[in-house]
Amino acid sequence: MERWEGDHTAMHDKIVSFFEERKAYLEAKEIVETSENARSQLAILDSSLAMVDDTKSANIPTMEALGQKMKTEKYSGLTSYECPNVDQVNAREQKVQECFQELASLSAKKREVLTDDLKRCEFREATHLLANQHSSSFGALQSWYTGVLNYLKTQENINSITDAELALSALARSNQDVEN
């Protein structure tokens with residue numbers, strides 16, 4: 001019975017240590033500056049949750065089975081003996097259940113924050129793209145405007161009808177560009 005008690009306590013301590021490690025990760029706020037980084041952080045969270053699920057499914061049934069065995073095994077003969085620490089066994093098992101419930105809650109909160117980070121980064125990146133497109137379009141328009149303005153400020157030397165027709169044709173093209 002004492003060996004079972006030691007094993008049960010060791011399982012509890014191992015799970016609580018794992019819980020503290022995962023809790024520290026889940027409570028930490030990562031600095032997320034890009035959508036790629038946000039997706040990476042969400043993938044790390046998914047990996048962490050898989051680790052929690054694996055730990056839970058691998059350890060909880062074993063610990064509970066041992067606890068149940070400790071609570072139900074009794075020696076009866078000329079004397080009797082049963083687990084003297086049933087309350088401690090129950091308390092350890094309850095603590096482990098609370099740990100996993102807290103991890104689930106912290107995981108949900110972290111996912112919400114990281115999802116918001118992703119949406120914020122995607123919005124910011126889309127806004128920067130639009131701003132760059134706008135700036136590029138403005139630069140092209142400004143360059144075109146400067147060219148048209150310089151053309152319109154130019155005094156043509158007209159010495160013949162052909163020169164006049166060429167100048168009028170160029171002016172007509174310039175007016176079409178302005179209208180378009």
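This is a predicted model: local features need pLDDT of at least 70, side-chain atom pairs count only at pLDDT 80 or more; totals for chains, interfaces and linings use all residues.
Residues are numbered from 1 along each chain as its sequence is written, and side-chain values use heavy atoms, with hydrogens and water left out.

View 1. Helices are DSSP runs (H or I, at least four residues), numbered from the N terminus. Ser-35 counts as buried because its relative accessibility is 8%. (Buried means under 20% relative accessible area, exposed means over 50%, and partly exposed is in between, using a 1.4 Å probe and protein chains only.) The side chain of Ser-35 makes a polar contact with the side chain of Glu-125, at 2.7 Å. A polar contact is a pair of N or O atoms within 3.5 Å; within protein, one must be able to donate a hydrogen and the other to accept it, and residues adjacent in sequence count only if both atoms are side-chain atoms. If you skip the neighbours within four places in sequence, Ser-35 is in contact with Leu-118, Cys-121, Glu-122 and Glu-125; contact means heavy atoms within 4.5 Å. Now look at Glu-36, also in helix H2. Glu-36 is exposed, with a relative accessible area of 64%.

View 2. Side chains of opposite charge can pair when their charged atoms come close. In a salt bridge, a side-chain nitrogen of Lys or Arg is within 4 Å of a carboxyl oxygen of Asp or Glu, and this structure holds ten of them. One is between the side chains of Arg-39 and Glu-122 (2.8 Å, N to O). Arg-39 lies in helix H2 and Glu-122 in helix H3, so this pair ties together parts that are 83 residues apart in sequence. Arg-39 is partly exposed at 42% relative accessible area, and Glu-122 is partly exposed at 33%. Another salt bridge joins the side chains of Asp-46 and Arg-111 (2.4 Å, N to O). Here, too, the partners sit in helix H2 and helix H3, so the pair ties together parts that are 65 residues apart in sequence. Asp-46 counts as partly exposed at 39%, and so does Arg-111, at 30%. There's also a network: salt bridges that share partners join Lys-29, Asp-117 and Arg-120.

View 3. The side chains of Arg-3 and Asp-7 meet in a salt bridge (3.9 Å, N to O). How far apart are they in the helix? They are four residues apart in helix H1, so about one helical turn separates them. Arg-3 counts as exposed at 63% relative accessibility, while Asp-7 is partly exposed at 33%.

View 4. His-8 lies in helix H1, which covers residues 2-27. Is His-8 buried or exposed? With 0% relative accessibility, His-8 counts as buried. Its side chain makes a polar contact with the side chain of Glu-93, at 3.1 Å. Leaving aside neighbours within four places in sequence, His-8 is in contact with several residues, including Met-63, Met-70, Val-89 and Arg-92.

**View 5. The largest nonpolar core.** In soluble globular proteins, nonpolar side chains tend to be buried together. A nonpolar core is a set of buried Ala, Val, Leu, Ile, Met, Phe, Trp, Tyr and Cys residues joined through side-chain atoms within 4.5 Å. The largest one here has 21 residues, and Ile-15, Leu-26, Val-96, Phe-100 and Leu-103 touch the most other members. H1, helix H2 (35-72) and H3 are the elements that give two or more residues to this core. H3 provides the largest share, eight residues. Zooming in on Ile-15, and leaving aside neighbours within four places in sequence, you'll find it in contact with Asn-59, Ile-60, Met-63, Val-96 and Phe-100.
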